[in-house]
Amino acid sequence: MDDPKPEADGGAGGTRYVKVRTVGKGAFGTAVLYRKEPEGSLVVIKQVPVLELSAAERVRALNEARVLALLSHRNVVRYLGSWERDGCLLLEMEFAGGGTLAQFLANRTARNAPLSERRALALFAQVASAIRHMHAHNVLHRDLKTENIFLTKDNVVKVGDFGISKVMGTQVQAETVLGTPYYLSPEMCEGLQYDQKSDVWALGCVLYELLALRRAFSAPSLPALVRRIVAADYPPPPSRYSSATRGLLSSLLQTEPGVRPAANVIEDQLLPPLQAAANLSSDADSLDGSQGPCARSVVLELRASGCLVSLTPVPLPARASIRELAVSRTHCVALTQEQVVFTWDVVDWRAAPTGCSDLSAGLESWRKPQHQPQCLDSLTGLGITRVAAGDGFSVFASDSGAVLTCGDGAEGCLGHGDYSHCVRPRLVEKLLAADVVALAAGPAHVLALGGDGCLHAWGRGQHGRLGLGHQQDALLPTAVPLPQGVVVRSVHAGPDCSAVVSTAGELLLAGDNSSGKLTPWPHKGLRTNLPVPSHEFVTPSRWFQELGPLLLLQSWLGGAGRGPWLRFRAVGLRDKEPVRDVHLSQRHSVVVTEAGRLVILGDAVRHAIPAENTFAMASAGPSYTVAASQDNVVYFWGRWADGKQVGAGQASQDDDAVPPRELLA
């Protein structure tokens, strides 16, 4: 249905619905995403073909729609109206664009990233609050599950799909029972009468998934599953969570309905002390919007030379809240919380700036530079959740795990099997079954991590940056061999190298090591968290005098050496400290450990950050480093593109002359 607007809204000045995509299908209808014009808001319209239902079922469906219209709660999907058209019952409701809780938990499972107790309880409290509101209005959900719990871009919970199909007739109930009833209560499995306490049982199943990242009840057959549900036979939740939280779970999954607490008791009495205790813990997992909507984001473009620094705001929409920002030598890609993608250029190909002259010829022929942010309308409504940027090309991943690319294909970075350019985003067919959960792009190659833990790489293969064991280009996504037992958590791409961080915090690197940026030097001067007095600083020439023969011997014996690393190798840091993040540049690499220490690899290391600083994030430029401390102070050190040192008025040959400069605080 192209435009399902009510007949009363016809005419030139009425609301127009523009179909975006189908977001779901069920036994009794289809859910379609529409954009309402002229305001531009996104809504979901459920289309129920009432002509295929009996008269009694139609009456009950309309009655249920009226009941749902009475519900008004922050954590319940808001219904905006209902009408009939062309033999269909149409139910309009708000769009929660963050996917389902099931998808969110599947993503965490793929990354082996369990939720903190604080975050799990924050999400669960919102679900419980929604169920309490429904019970107060005598509405039973009867199909509460993580697939029917939606998230906004700010990770605010929205419970939906409650009761519409479940009151249409016994046929649906029979289909539900004959399915795989992972969330059905014991009394429903036994065909007994049930009430609100069945929803409470389902709440327990949801809480278990938040804690264990798997369903509470599973079995190879339906009869076996029913037996486990009736006996409340589920694996114990992980011991990392407090006994009080595990006790709450036990109280919800009681086989006797009368013993289970009511939803209002859960919200008013049981949850507050648990959340208070969890908030006092040292767990740093973010609540991601459970505190309310994200504030507006401002993207600043920094231009600097010596001691002169200027910050210019990028003219994005006034209310844009940035979810991800990808930056390359050629352009930027911004993804908002509303899953709208903007892109703009940072260089003019026709001017052929220093360092980009090799790019201008290939790009000028097929598009003109755009220095103002442009919305990629072709991606609106596709559920984009991740973005990456290379030299002249962009990569996008959707909430369903599909990958699209567009831009300059001269290096084979688009993953379509050729070197052709692509103006509009196009699906990477080789990854359709990969369910991609993480992306990274260098100037001429891409890394993608599948939900099954398989790492894929494609693009330019020089220096072994793809980790495939050779230096040949890969025009299609290719599975990357990793050391046995390594489970990848995150992927990172540099100019001529790549990095992955495992779930255990281990760092693995591949690519060009001519500057030593993949090898930790065995000297304290290379670790920026160690204060080094200026008279004790070891220069690169002394590094070679003292360590050169040893490194040459290591290379001769088959050690790390300074040549290309054609496969991913584990890099051991001091005390085997786990790694949180890593950024790669031409001359050096910056590693942030879980403890907030900075470790810098490569010949470009010349300064030491005081040991008392702990860092939240860092990044590496061609000849400079930037790091942000936990107390919101940004430090820069190194050289700008014009050769001048950060903080110095003129170019200097002495890298030790100017210490790291505090530019923003």
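Which residue in β12 is the bridge partner of Val333? The partner is Thr343, and the pairing of strands to which this bridge belongs is described below, within an account of a predicted model.

## Overall composition

The secondary structure of the chain amounts to 11 helices and 32 strands. Of the 665 residues in the chain, 51% are buried. Among contacts in the chain with a separation of 6 or more, 56% are accounted for by residues 24 or more positions apart.

## An open antiparallel sheet

Four strands are arranged as an open sheet in the order β10-β11-β12-β13, and the pairing is antiparallel. The edges are formed by β10 (322–327) and β13 (374–375), each of which pairs on one side only. Strands of a sheet pair through backbone hydrogen bonds, in either a parallel or an antiparallel sense.

Within this sheet, β11 (residues 331–336) and β12 (residues 341–345) are antiparallel and share 5 bridges.

## The β26–β27 hairpin

Strand β26 spans residues 579–584 and strand β27 spans residues 588–593; the two pair in the antiparallel sense over 5 bridges. A hairpin of 3 residues connects β26 to β27. Across this pairing, Val582 stands opposite Val591 in β27.

## Helices α8 and α9

Helix α8 comprises residues 243–252, and its buried residues include Thr245, Leu248, Leu249, Ser251 and Leu252. These residues lie on the same side of α8, because they cover an arc of only 165° around the axis. The cover over the buried residues of α8 includes α3 (117–136), α6 (196–212) and α9 (263–279).

In α9, Ala263, Ile266, Leu271, Leu274 and Ala278 are buried. Their cover includes α3, α6 and α8.

Where does Glu92 lie? Glu92 belongs to strand β5 (residues 88–94). Glu92 counts as buried because its relative accessible area is 4%, against a limit of under 20%. The side chain of Glu92 makes a polar contact of 2.9 Å with the side chain of Tyr17. Leaving aside residues up to four places away in sequence, Glu92 touches Tyr17, Lys36, Val43, Val44, Ile45, Arg78, Tyr79, Leu80, Gly81 and Trp83.

Asp391 is found in the loop between β14 (384–389) and β15 (393–398). With a relative accessible area of 7%, Asp391 is buried. The side chains of Asp391 and Arg329 are joined by a polar contact of 2.5 Å.

## An annotated lysine

Which residue does UniProt list for "binding site"? The unreviewed entry lists Lys46. In the model, Lys46 lies in strand β3 (residues 41–48). Is Lys46 buried or exposed? Lys46 is buried, since its relative accessible area is 16% and the limit is under 20%.

Terms used
Residues numbered from 1 in each chain as written. Predicted model: local features only at pLDDT ≥ 70, side-chain atom pairs only at ≥ 80, totals over all residues. Heavy atoms only, no water. UniProt positions renumbered as here; feature names shortened; annotations may be inferred. Buried < 20%, exposed > 50% of the residue type's maximum accessible area, 1.4 Å probe, protein only. Polar contact = N/O pair within 3.5 Å; in protein donor to acceptor, adjacent residues only side chain to side chain. Pairing = 2+ DSSP bridges. Arc of directions from axis to C-beta. Contact = heavy atoms within 4.5 Å.
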